[in-house]
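Below is a short note on how some of the secondary structure elements pack against one another. Please read it with the sequence and the coordinates open.

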Amino acid sequence: ATLGEGSLLVLSGAKHSAMRKLLMPPFHGQRMRVYGKQIRDITLRLTQHLASGSRFVAQDLMHAISLQTIIQLVYGVTAGERAQQAEALIGDFRQAFNPARLILPLLIPSLRREFCGLGPWARLQRATRALRSFLDEDIAARRSPGGERTDILSLLVDARYEDGTALSAQEIFEQLQTLLHAGHSTTATALVWALHTLAQEPQVATRLRAELASLGPEPTPEALARAPFLEAVCHETLRFRAILPATARRLVQPLRVAGYELSPGMSVITSMLWAHSNPALFAQPERFLPERFLERTYTPFEFFPFGGGHRRCIGAAFALYEMKIVLGTLLQRFNFELISKQPVRMVQRDTLIPGSPIELRASLA
């Protein structure tokens, strides 16, 4: 209801498969790698003000980097004034897209009315219409002949179903909403946890900086993406601080689990929190040990931070790639120290986020 009936998150069966096939190319292989320099440039631009002794809130910086990545790489908006407009519209949409305030309309369809412009549902509809109007201009512009563009909006405009049919403006908008919802706070939160944990684990941070130093003063995004310990740190962050507590699937055929016979139509929930804390799989699960991901390869049934099966997060490879570029770029230039040593607990919002601001002090590396 909130992201549209055509959102990849709510489609199923043949429709889900067809839409997933159209969305896959930008998030894999060479097509994804063209985004590396842009991600690095965004990170450098948004941290150019940091100097030794600078204090900042990790959530603010990481959300800013993640948002600019979406605006430039997904929406393809790079011009200054229009980029600022996109940022404001996305901010309004994200504030209106509040599951806690929308709980009644989501549970009771008759409440999905605007009531003379009052209430959370009306606010969401206004924000959605404003963002839709903004993006419709870009969709129309992309349909006109012009130079080749690599942003995901342009690729969706050019995409075709097997019968040659193009996506409608509504379908494109629903997928852009979905990518914003699924890819903004999730990646940003993972990066926040990574900075927080590395500030508490000096030995891990030292080893990671040594690996980054071996890549030279200005490593390419691809060199960062191939760095094994950097990748291990990202994987261990996703294990140690899960972004989502669980993922659910509805059965379409009978399933036997641990001696129980489950019928079609029943829901099965798999918990990342439990699986990733299983000492039979992850020795000393309470410790942050990235080397575990260098010592063995975990199966998709053991380590699944992005879900699993044919509904696994379509942007999983892109999210991990973004994490590596941002984290590698930051740690080559800065050391980070926690201002407060107080424990930070995880709280449930739309994702598992830090329950308090994580303030860091930067110093030049």
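1. In this predicted model, helix 11 (residues 202-213) and helix 16 (residues 316-333) have axes that come within 10 Å and cross at roughly 95°. Because angles of 65 to 115 degrees count as roughly perpendicular, helix 11 is described as roughly perpendicular to helix 16.

2. On the side of helix 11 the contact is made by L208, R209, L212 and A213, while helix 16 contributes G328, L331 and Q332. By residue class, the contact of helix 11 with helix 16 divides into four nonpolar residues, two polar and one charged.

3. Three strands form an open sheet in the order 1-9-6, and their pairing is antiparallel. Strand 1 (55-57) and strand 6 (334-338) are the edge strands, each of them pairing on one side only, and the twist from one strand to the next averages 40°.

4. Within this sheet, strand 1 and strand 9 (residues 359-364) run antiparallel and are joined by three bridges; V57 stands opposite E359 of strand 9.

Methods:
Residues are numbered from 1 along each chain as its sequence is written. This is a predicted model: local features need pLDDT of at least 70, side-chain atom pairs count only at pLDDT 80 or more; totals for chains, interfaces and linings use all residues. Side-chain values use heavy atoms; hydrogens and water are left out. Axes are lines fitted to C-alpha atoms, for helices over the stretch in contact, and angles run from 0 to 180 degrees between N-to-C directions. Helices (H or I, at least four residues) and strands (E, at least two) are DSSP runs, numbered from the N terminus. Angles under 35 degrees count as roughly parallel, over 145 as roughly antiparallel, 65 to 115 as roughly perpendicular and the rest as oblique. Contact means heavy atoms within 4.5 Å. Ala, Val, Leu, Ile, Met, Phe, Trp, Tyr, Cys and Pro count as nonpolar, Asp, Glu, Lys and Arg as charged, and the others, Gly among them, as polar. Two strands pair if DSSP finds at least two bridges between them.
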